[in-house]
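Me: I am new to this structure and would like to learn how to read it. Could you take me through a few features, one at a time?

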Amino acid sequence: MQTLTVDLNERTYPIHIGTALLARPELILPHLARKQVAIVTNTTVAPLYLDALSEPLAAEGVNVETIILPDGEEYKNSDTLNLIYDALLTHHCERKTTLIALGGGVIGDITGFAAATYLRGVPFIQIPTTLLAQVDSSVGGKTGINHPLGKNMIGAFYQPKLVLADTSTLNTLDDRQLSAGLAEVIKYGLIRDLPFFEWLEQNMGKLLARNPEALAYAIKRSCENKAEVVIADEHEGGVRALLNLGHTFGHAIEAGMGYGNWLHGEAVAAGTMLAASLSQRLGWISEAEVSRTRVLFERARLPVSAPDLGVETYLEHMAVDKKVENGRMRFVLLKSIGAAVVTAEVTEQALRETLQENARNA
């Protein structure tokens with residue numbers, strides 16, 4: 001097991017990364033305010049891992065309630081959030097009840113938001129079971145739900161007490177979900193870690209083959225990058241926005257196609273290629289760098305062309321992006337592979353030409 005620390009003063013917490021961690025209640029018990037937990041999971045993960053987590057806790061005298069939600073991005077909404085509240089109230093869960101998110105990014109985000117708002121805040125623990133959640137969404141305290149007009153537009157910054165990344169859970173992840181997680185892994189190399197990007201170019205085959213050592217390194221390096229950025233900018237007032245490379249376009253894809261039709265990582269990959277194309281159009285990166293980025297996404301079995309939603313549809317969805325400031329869209333773009341910037345200095349013409357070029361290639 002490897003342990004990283006997200007140092008946020010009184011909100012500091014560990015990230016444990018390793019195999020067979022679900023069966024180690026001693027990692028969880030020190031972070032419980034009392035021996036009562038509510039495990040929130042979904043219909044896919046519950047048959048696989050709920051007993052593996054709940055039974056060792058119960059054997060240690062922990063009172064375990066379970067809340068099983070439907071699976072899918074389309075359920076990341078206020079109706080599903082109310083199912084969590086209903087269960088917590090029905091079971092008389094108190095302020096010292098710890099919520100445990102057992103699942104992928106949707107479960108982590110919605111459970112975290114429930115924890116932030118139930119009784120004005122109860123503790124929670126992240127136990128991510130997908131690659132995307134282990135390398136990105138479980139770390140940093142971003143929680144929330146989707147709205148029909150925009151992804152993750154309702155939420156809160158609320159840090160977990162612990163992140164437990166059991167890499168054994170990736171053994172049951174299907175190939176499409178594994179690739180979706182690799183989109184966020186590649187992102188870290190693009191925005192701030194050229195040596196990691198180069199490592200990914202050399203080891204993508206091992207990651208797709210689920211080599212345990214390669215996966216463990218990719219998760220650890222991704223979490224280190226995420227933790228460093230979160231420590232520097234917990235509430236996304238500056239540098240943390242760099243973590244949204246590809247997300248402005250990607251969220252528009254998810255909303256425009258209907259939540260759940262494109263996986264988040266797939267939309268981020270296609271959105272990142274749009275960001276790379278826009279960066280080239282502004283004269284910041286070369287065609288060779290765009291091609292190098294495209295090749296790595298292709299090797300990860302990810303889409304490199306966004307769907308043709310129409311320029312106006314893209315602009316409509318992007319107008320409600322969280323990075324909009326004073327009515328101006330802000331973009332995360334590349335100055336080079338390994339160096340990203342946040343900028344509002346993008347002309348509408350350059351943006352429209354980028355979207356139109358994508359439409360011709362889609």
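**Helices, salt bridges and surface**

Reply: Let's begin with a helix pair: the axes of helix 5 and helix 9 (residues 264-281) come within 7 Å and cross at roughly 40°. That angle makes helix 5 oblique to helix 9. One note before we go on: this is a predicted model, where local features need pLDDT of at least 70 and side-chain atom pairs count only at pLDDT 80 or more, while totals for chains, interfaces and linings use all residues. Residues are numbered from 1 along each chain as its sequence is written, and side-chain values use heavy atoms, with hydrogens and water left out.

Me: How do I read a helix and its angle?

Reply: Helices (H or I, at least four residues) and strands (E, at least two) are DSSP runs, numbered from the N terminus. Axes are lines fitted to C-alpha atoms, for helices over the stretch in contact, and angles run from 0 to 180 degrees between N-to-C directions. Under 35 degrees counts as roughly parallel, over 145 as roughly antiparallel, 65 to 115 as roughly perpendicular, and the rest as oblique. For a second case, take helix 5 (residues 175-192) and helix 6 (residues 194-208), which pack at an angle of about 160° with their axes 7 Å apart. Helix 5 and helix 6 are therefore roughly antiparallel to each other.

Me: Which hand does the crossing of helix 5 and helix 6 have?

Reply: A crossing is left-handed if the near helix is turned anticlockwise from the far one by less than a right angle, and right-handed if clockwise. Helix 5 and helix 6 cross in a left-handed way, and helix 5 also passes helix 9 in a left-handed crossing.

Me: How many salt bridges does the structure hold?

Reply: A salt bridge is a side-chain nitrogen of Lys or Arg within 4 Å of a carboxyl oxygen of Asp or Glu. The structure holds 23 salt bridges. One of them joins K187 to D136, with the closest N and O atoms 3.0 Å apart. This pair links distant parts of the chain, since K187 is in helix 5 and D136 in helix 4 (residues 131-137), 51 residues apart. D136, E184, K187 and K226 are linked in a network of salt bridges.

Me: Is K187 buried or exposed?

Reply: Buried means under 20% relative accessible area, exposed over 50%, and partly exposed in between (1.4 Å probe, protein chains only). K187 counts as buried because its relative accessibility is 1%, and D136, at 10%, counts as buried too.

Me: Which residue forms a salt bridge with R192?

Reply: R192 pairs with E228, the closest N and O atoms being 2.9 Å apart. This pair also links distant parts of the chain: R192 in helix 5 and E228 in helix 7 (residues 212-232), 36 residues apart. R192, at 34% relative accessibility, counts as partly exposed, and so does E228, at 41%. K220 and E224 are separated by about one helical turn because they are four residues apart in helix 7.

Me: Where is T90 found?

Reply: T90 is in helix 2 (residues 78-90). With 55% relative accessibility, T90 counts as exposed. T90 and N9 are 81 residues apart in sequence and 34 Å apart in space, C-alpha to C-alpha.
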